[in-house]
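Subject: the model for you to look at

Hi,

Here is the structure I said I would send over.

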Amino acid sequence: MENDYRLGDWLVRPQRGSIEHAGQVVHLKPKVMAVLNCLAGSGGAVVTRDHIFDKVWPGQVVSDAALTQCVVELRHAFDDSAKNPQVVETIPKVGFRLIPAVEAIEDKAASKVAGSTIAGLARAKKARTGLLAGILVVLVAMLGWQLVGPVDKAVDRSHGPETSLAVLPFTDVSPDQQQGWIAESLTEQLINRLSRLEGLEVPGKAMSFTLEKGQADLKAVARELGVDFIVEGSVFRVEEDVRITTRLVEVGSGEIWWSYEWGARLQEFLDMQELIAEGVAHALSINLDVGELGLDPLGPSDVEAFWSLERAIQLVMEDTRESWVEAVREIETATGRDANYAQAWLWASFIYSMAYARIDDILHRNWQQLSESALDRHFELAPDSLEGLNLLIQLYTDSRQYGQADRMIQRLGPLESVSHPGLLFRVGIFLSHVGRAREARQALERAQLLDPNQFAHFMRMLGWSLLQNDRPDEALAMFDRAWGTDDVLRSIGSSEGLQAALVGGNLPVIRKWLIRAQEFHERGMLRFYRAMEEHLDDPLAALTFLRQAFDQPYEDVHDHHIAIWAAYHGDNQLALNALLRANQDWWLWYPLFAPIRNDPATRGMIDELGLVEYWREYTWSDFCRPLGGAEFTCD
């Protein structure tokens with residue numbers, strides 16, 4: 001669907017990336033619009049998930065979460081509900097369909113204005129089939145943007161505590177003069193984002209858009225709007241290439257305080273509008289001493305250092321050997337340009353700590369020493385950094401340096417006095433890893449109470465903790481509540497609820513979660529879940545399938561899935577072998593795996609992981625206890 005069409009009472013404009021109703025205009029991300037168009041083209045019929053993947057992400061391997069997130073955003077845009085859908089209906093185990101009728105319309109005026117845009121989008125769609133889905137689409141796309149303009153200007157920032165700034169409508173300087181929709185959309189994004197910076201006053205869209213286009217007297221504009229600074233920019237597009245220029249001007253002196261220029265393909269721009277606004281907001285925060293970054297004494301004082309850190313983070317998210325090499329270079333650029341950038345040193349420590357496993361065959365360096373030195377520098381700059389402690393606990397937990405993680409936690413003092421929910425959440429995960437289930441539950445319950453905004457995510461981990469404490473009914477209730485919050489958590493939470501259901505042993509409940517798992521399965525898992533449902537009452541057939549899956553692994557069926565079902569159907573050896581291969585040591589503390597905890601091979605694994613050494617020095621787990629000498633036993 002490329003032309004405008006009606007969906008019930010809504011007008012859908014694919015080339016503008018928007019839907020309209022009763023004077024309300026809602027802009028959709030390109031992938032979200034692509035999903036909507038795919039559904040609209042079916043004439044009201046059900047569209048399978050696989051068909052949508054083939055149409056929206058051709059030739060790519062993406063997770064179901066990407067499609068699920070698009071559907072969530074569609075429902076939000078239409079003010080629709082998953083429970084009582086009026087627009088997008090989920091067809092369990094199959095896919096989705098649109099409920100309202102789709103009516104094609106001929107909007108000649110719109111077609112004339114968007115003519116070149118349609119051609120450009122079609123070419124961009126054909127040429128750009130390598131974009132990743134969901135959040136990674138946006139993150140990786142950011143790497144394609146190139147800095148080609150001048151950087152920020154070092155000036156005296158003594159303009160006073162109250163700062164006012166206006167965003168002028170971006171100018172369309174394209175040869176065809178048909179890109180006003182891009183300019184207007186970007187201007188709106190900037191106004192919305194900058195208005196959220198604390199300490200910065202930004203006139204709204206209504207005032208900024210009343211100015212005459214091309215009004216050159218910035219001082220007159222500033223007087224009219226009552227501001228000290230102006231952000232202005234332009235949009236230049238030829239076919240698929242888009243170039244965005246923006247600059248910050250101090251009205252009094254006429255000096256350019258900061259300027260930036262991006263170049264990208266059209267589809268990348270459509271994916272990147274929000275991140276452009278975010279990046280400009282951060283840069284202006286630094287230049288104007290407003291907002292969280294600008295007012296943070298440990299934040300960057302150099303915009304290029306900030307951009308280098310941002311690029312390093314995106315490269316880490318890409319997670320290829322080559323991207324890690326580039327991430328090291330970017331993070332060293334950030335710390336080299338701004339040696340007092342505490343956040344950059346923290347990320348440098350993290351990147352160095354992970355680099356040995358990813359790029360040691362390319363760059364032979366002492367990564368551990370580099371990581372420790374970077375972390376020392378971070379704590380020199382921020383001795384009370386809770387964020388640093390949070391990252392340290394995570395790193396030490398993931399690398400099984402349990403003693404070091406515990407020492408970091410001890411720096412917090414009594415957990416009942418800790419008021420940082422993120423830290424409590426991280427502590428709860430650590431305690432779950434080492435089998436201190438009762439303490440983990442207490443930390444996670446406190447984190448949940450302190451941060452209701454993360455309630456659903458904390459509910460999931462609290463559900464795991466309740467399961468470790470052998471309270472499957474309460475865990476199942478927690479997973480059920482978390483699962484009902486949104487489609488993304490449904491995709492993640494189906495297997496979690498399923499494990500709790502298996503512990504409870506109630507067949508109708510198990511079947512309910514199996515159906516949920518099939519509806520929101522990871523791509524490639526459908527065959528597995530269908531087999532488990534088919535053989536639920538036939539352990540022999542189920543175990544035959546599981547053994548074949550273990551001996552001949554296939555896409556997206558992870559060993560921990562095999563371990564869960566093997567334990568449920570009574571093959572403890574297969575469950576142990578799958579857990580060992582999955583490297584999921586902390587799953588040993590869940591009830592399904594109680595029968596294999598005291599197996600000699602399991603105890604050998606526990607010892608090799610360093611848990612016994614940790615328990616002897618600190619605190620024994622709720623599941624294992626010492627015997628005489630070096631011996632121990634687990635229940």
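This is a predicted model: local features need pLDDT of at least 70, side-chain atom pairs count only at pLDDT 80 or more; totals for chains, interfaces and linings use all residues.

Numbering starts from 1 along each chain as its sequence is written, and side-chain values use heavy atoms, with hydrogens and water left out.

Overall, the protein comes to 29 helices and 16 strands; these are DSSP runs numbered from the N terminus, helices being H or I of at least four residues and strands E of at least two. Buried residues make up 51% of the 635 in the protein, where buried means under 20% relative accessible area with a 1.4 Å probe, protein chains only. As for contacts (heavy atoms within 4.5 Å), 60% of those with a separation of 6 or more are between residues 24 or more positions apart.

Pairing here needs at least two DSSP bridges between two strands. β12 pairs with β9 (163–167) in the parallel sense over 3 bridges, and V167 stands opposite V231. β10 (171–172) also pairs with β12 in the parallel sense, over 2 bridges, and there T171 has S234 as its bridge partner. β13 (241–250), on the other hand, runs antiparallel to β12, with 10 bridges joining them; V231 turns up again here, opposite L248. β12 and β13 form a hairpin with 2 residues between them, and E239 in the turn has a positive phi of about 50°.

There is also an open sheet of 3 strands in the order β5-β7-β6, with antiparallel pairing. Its edge strands are β5 (47–48) and β6 (88–91), each pairing on one side only. β6 and β7 (95–98) are joined by 4 bridges, and V88 has L98 in β7 as its bridge partner. Helix α1 (30–40) packs on this sheet, touching β5, β6 and β7, and its direction makes about 75° with that of β7.

On to the cores: a nonpolar core is a set of buried Ala, Val, Leu, Ile, Met, Phe, Trp, Tyr and Cys residues joined through side-chain atoms within 4.5 Å. The largest has 152 residues, of which L165, F528, W565, F593 and W615 touch the most other members. Helix α14 (342–359) gives the largest share of this core, 10 residues. A second, separate core of 30 residues includes C38, A40, L67 and L74.

Helices α24 (526–534) and α25 (539–551) have axes that come within 9 Å and cross at roughly 160° (axes are lines fitted to C-alpha atoms over the stretch in contact, with angles from 0 to 180 degrees between N-to-C directions). The two are therefore roughly antiparallel to each other, a label for angles over 145 degrees. In that contact, R527, F528, A531 and M532 of α24 meet A542, F545 and L546 of α25.

Finally, helix α17 (402–410) has Y402, G403, A405, D406, M408 and I409 as its buried residues. These pack against α16 (386–398), α18 (421–433) and α29 (611–617).

Cheers

Technical notes. Buried means under 20% relative accessible area, exposed over 50%, partly exposed in between (1.4 Å probe, protein chains only). Angles under 35 degrees count as roughly parallel, over 145 as roughly antiparallel, 65 to 115 as roughly perpendicular and the rest as oblique.
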